[in-house]
Amino acid sequence: MFQLDELGFQLFCSIIKSQPVPKTCKFLRFFFNPLNLCSWIKDEWSLIYETSHVKENWIDPLMRWQPEVQELINQLEGVPTDQIPPLKTKAKVTEPKEFNLTVPKPRAITMPEPVPTVAKPKPVPQSTYQEPKEQQLLQMIKRYNRRNAEELLLRANMDELRCAMPRLRRDPQAQELEKQQRHQPAPRIRRTPHLTFYKPNNFPVKLNTATILREGALYQRQVEKELQRVDKLVDGAGDFSEFLEWQKKMLAKDLEEQLAASECRRLQGKLSHEEAILARQNLIQENKQKADQKKEETAELMLQCAEQRLQEEKSMKELVEQVNEAQKNVKVAQMKLVKGRQQIVQEVMEESRELLHRSSEAAKEEQRQRCELIAQLRALETQPTRKGKLVDLTQIPGYGLEGEMSVVELRERLALLKETQKREQEEKRDQIIQGKRAKSQKLQNTMEQISLCRAAMGRTAALRWEEKKARAASLGTPSQDERVLELQRRMEERAAERRRQTAQLHVPPPRVGRPQLPAQTEAQHWLELYRSRERRLQAMQEADRTCQPTHHLEAA
């Protein structure tokens, strides 16, 4: 279109007529419209190129050819698309030729290979799908131990820190009811009878090879360390008994300081609790005054809200009446529109049914023709062809390859190779069996050594437990500290001030978690608490020793 002056209008018309008529008409009507050319098309081109160049070289030539192009558009719109004569091409049309390919030979029908007969395998034993008896026994013991542990945990949680809880004063009637409940027999806990006969310590745990070797190496290292220690003592090395005694004294002193510090923290907490009660009483008075003011303000706001609601209800009633009138007119128009749409839908559904019927008939005819063609091709493929060739297994092919041999010789060599491989496998199996026997003997020796070491460890642990028990019985009461006495005095002053202020204000006293005890009862309480902590600490240390044994050869 930009080269109409060079091509000529006749050649341009032939190019246009060779394209689809509706699309070309739409494009030419849009592009040669004077309003479009002189307005936004010119502005867009001017953003990229100069305005003078756009006007002289592009816009003016297109405007000159605009009348002729308009006549061409009218001519194309008046002629139907079927009557447009096709363009005659002067160049020769390329005629395709078929390739000269060789006709493939029909495939031969292969003979089915005989199915080899395999010996019937042995069925899988039922024990494969069942758990071993040892595993079932361990599961039963595990459930039994878990049940006992849960009962012990429940009992410990119920009796936890009973010595630290104060004995509150009760009514005589409540005390009599409690005595009657104590004298009643306790309910029996029903347990499964088949679990009561099992004791968890009577069944040894099966250890694997790695565990046995690891434990044997551990005991061997401990024996070597003990021997080295004895050698050093023989050579004149010093003993750590004095250091251990000093360490025990220092630990006892640190424990007393910790108890004093904990008592100080407890008393500080009680003192802050008393101060918080005083602050709470002051806050209650302030809140009462603020609540009265809030009630007066809310009453005024409720009156204002009631007036606003009455006005809103009136306006809403008027609006509802207007909306109801408008909805009546809308419903009539909607009914008419729905009827028209239903008629259109019925017409479209009838046309779609006819089109579907025609397409299904055409698809059935095409499917029938394909089935006939496939049946003819399969009949041609199943025609038998004779192909036979005699094979001599003892003859060498004679291709000139290195190491060429006949099939019979190849089979003999394979048989010899299999025999040699079988012999090597048997020798290797014998070596593996001998190695396993040596390994099992070594493990047995290690297990004997482990059993001896464990017996020695048990005796050592029992002796240490007796020592700790005797040491815990000889402990005395913790000493009182000056800080503790000072905090007790301050706490008593605060409590007296709180009671006096409560009596003046007639405010019910808040619930206190634990009442104040006298000095003698307080000392007994902390002594029992200290002893219970000592017992817990000893139990934890004993458990650590049983898990990680040290110096177990002293008793041996």
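**Close-up 1. Salt bridge between Arg146 and Glu150 in the predicted model.** Arg146 and Glu150 form a salt bridge in which the closest N and O atoms are 3.5 Å apart; the model is a predicted one. Both residues belong to helix α7 (residues 133–158), where four residues, about one turn of the helix, separate them. Arg146 is exposed, with a relative accessibility of 58%, whereas Glu150 is partly exposed at 45%.

**Close-up 2. Salt bridge between Glu215 and Arg454.** The closest N and O atoms of Glu215 and Arg454 are 2.9 Å apart in this salt bridge. Glu215 is in helix α9 (residues 209–235) and Arg454 in helix α11 (residues 407–473), so the pair ties together parts that lie 239 residues apart in sequence. Glu215 has a relative accessibility of 14% and counts as buried; Arg454, at 42%, counts as partly exposed.

Close-up 3. Arg413 pairs with Glu409 in a salt bridge, with 3.1 Å between the closest N and O atoms. The two residues are both in helix α11, four residues apart, or about one turn of the helix. Arg413 is partly exposed at 47% relative accessibility, and Glu409 is partly exposed at 30%. Over the whole structure, 13 salt bridges are found. Elsewhere, salt bridges link Glu365, Arg368 and Glu372 in a network.

**Close-up 4. Aromatic cluster containing Phe2 and Trp45.** Ring pairs join Phe2, Phe27, Phe31, Phe32, Trp45, Tyr49 and Trp58 into a cluster. The count of aromatic pairs comes to 11. One of them, Phe2 with Trp45, is tilted, at 6.0 Å centre to centre and 55° between the planes. Phe2 lies in the segment before α1 (4–7) and Trp45 in helix α4 (residues 34–48), so this pair ties together parts 43 residues apart in sequence. Phe2 is partly exposed, with a relative accessible area of 46%. Tyr49 and Trp58 form an edge-to-face pair, at 5.1 Å centre to centre and 85° between the planes. Tyr49 is partly exposed at 43% relative accessibility.

**Close-up 5. Crossing of helices α2 and α6.** The axes of α2 (residues 9–17) and α6 (residues 66–78) come within 12 Å and cross at roughly 35°. The crossing is right-handed. On the α2 side, Phe9, Phe12, Cys13, Ile16 and Lys17 meet Glu68, Val69, Leu72, Gln75 and Leu76 of α6. By class, this contact has seven nonpolar, one polar and two charged residues.

**Close-up 6. Surroundings of Thr24.** Thr24 is part of helix α3 (residues 21–31). With a relative accessibility of 11%, Thr24 is buried. Leaving aside residues up to four places away in sequence, Thr24 touches Ile16 and Gln19.

Definitions and conventions:
Residues are numbered from 1 along each chain as its sequence is written. This is a predicted model: local features need pLDDT of at least 70, side-chain atom pairs count only at pLDDT 80 or more; totals for chains, interfaces and linings use all residues. Side-chain values use heavy atoms; hydrogens and water are left out. Axes are lines fitted to C-alpha atoms, for helices over the stretch in contact, and angles run from 0 to 180 degrees between N-to-C directions. A crossing is left-handed if the near helix is turned anticlockwise from the far one by less than a right angle, and right-handed if clockwise. Contact means heavy atoms within 4.5 Å. Ala, Val, Leu, Ile, Met, Phe, Trp, Tyr, Cys and Pro count as nonpolar, Asp, Glu, Lys and Arg as charged, and the others, Gly among them, as polar. Buried means under 20% relative accessible area, exposed over 50%, partly exposed in between (1.4 Å probe, protein chains only). Rings of Phe, Tyr and Trp (its six-membered ring) pair if their centres lie within 6.5 Å; planes under 30 degrees apart count as stacked, over 60 as edge-to-face and the rest as tilted. A salt bridge is a side-chain nitrogen of Lys or Arg within 4 Å of a carboxyl oxygen of Asp or Glu.
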